[in-house]
Amino acid sequence: MIINEFKMAVDSRSVNESFSRAAVAAFTAQLDPTVEEINDIKTAVSEAVTNCIVHGYKNSVGKIYITVKIREDASVVISIRDKGCGISDIKKAREPLYTTLGGDRAGLGFSVMESFTDKLTVRSTVGKGTTVTLYKKINGREK
């Protein structure tokens, strides 16, 4: 059961990546996470938002929609969605080192997100956008 929820939309500008990360972390703080847990969430959110900016909208500006749900079981579900170009082959896109842009891009975004969360799902439709959902159980500080 969802006990609290937060929604926001930001422009797909690189300056909003750190704001998004901080806003999600601040909202998640009500679960009293450890420093490591909050850093894991920040890192995963940063990667997802950056993917929207760099890949979803490429050289244009669109909206990034972020929803954070806190569950009764002290887990957090974070959905990050764009209405950009979409991903034609999700399985390929999730492979480590795969990138469509080359250059200084390492192709590790999904791998990083997976390593810092308990579960990751990706839904995408070409021409309509992508939704990445991150799941993280917060064990919190010892009471």
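Two strands are taken to pair if DSSP finds at least two bridges between them, and helices (H or I, at least four residues) and strands (E, at least two) are themselves DSSP runs, numbered from the N terminus. The structure described here is a predicted model, in which local features need pLDDT of at least 70 and side-chain atom pairs count only at pLDDT 80 or more, while totals for chains, interfaces and linings use all residues. Residues are numbered from 1 along each chain as its sequence is written, and side-chain values use heavy atoms, with hydrogens and water left out.

The secondary structure of the protein chain comprises four helices and five strands, and these elements follow the pattern β-α-α-β-β-α-α-β-β when read along the sequence. Of the 143 residues in the protein chain, 43% are buried, where buried means under 20% relative accessible area, exposed means over 50%, and partly exposed lies in between (1.4 Å probe, protein chains only). Among the contacts (heavy atoms within 4.5 Å) that are formed in the protein chain between residues at least 6 apart in sequence, 65% join residues at least 24 apart.

Strand 1 and strand 2 run antiparallel and are joined by nine bridges; within this pairing, Glu5 stands opposite Lys69 in strand 2. Strand 2 is in turn joined to strand 3 (residues 75–82) by seven bridges, again in an antiparallel arrangement, and Ile66 has Ile80 in strand 3 as its bridge partner. In the hairpin formed by strand 2 and strand 3, three residues lie between the strands, and Ala74 takes a positive phi near 65 degrees.

Packing between helices was examined next. Two packed helices are described by the angle between their axes and the distance between the axes. The axes of helix 1 (residues 15–28) and helix 2 (residues 35–56) come within 9 Å and cross at roughly 145 degrees, the axes being lines fitted to C-alpha atoms, for helices over the stretch in contact, and the angles running from 0 to 180 degrees between N-to-C directions. The crossing of helix 1 and helix 2 is right-handed, a crossing being left-handed if the near helix is turned anticlockwise from the far one by less than a right angle, and right-handed if clockwise. On the side of helix 1, Glu17, Ser20, Arg21, Val24, Ala25 and Thr28 take part, and they meet Ile38, Ile41, Lys42, Val45, Ser46, Val49, Thr50 and Ile53 in helix 2. The residues of this contact divide into seven nonpolar, four polar and three charged, with Ala, Val, Leu, Ile, Met, Phe, Trp, Tyr, Cys and Pro counted as nonpolar, Asp, Glu, Lys and Arg as charged, and the others, Gly among them, as polar.

Arg21, which is found in helix 1, is partly exposed at 28% relative accessibility. Residues up to four places away in sequence not being counted, Arg21 touches Lys42, Val45 and Ser46, and its C-alpha atom is separated by 8.4 Å from that of Val49, 28 residues apart along the chain. Val112, in helix 4 (residues 109–115), is in contact with Thr43 and Glu47 when its neighbours within four places in sequence are left aside. The C-alpha atoms of Val112 and Ala48, which are 64 residues apart along the chain, are separated by 9.6 Å.

Side chains of opposite charge can pair when their charged atoms come close. A search of the whole structure finds five salt bridges, a salt bridge being a side-chain nitrogen of Lys or Arg within 4 Å of a carboxyl oxygen of Asp or Glu. One of them joins the side chains of Glu5 and Lys7 at 3.9 Å, N to O; Glu5 is partly exposed, with a relative accessible area of 37%, whereas Lys7 is exposed, with a value of 58%. Asp11, Arg13 and Lys63 are linked in a network of salt bridges. Asp11 is partly exposed at 26% relative accessibility, as are Arg13 at 41% and Lys63 at 38%.
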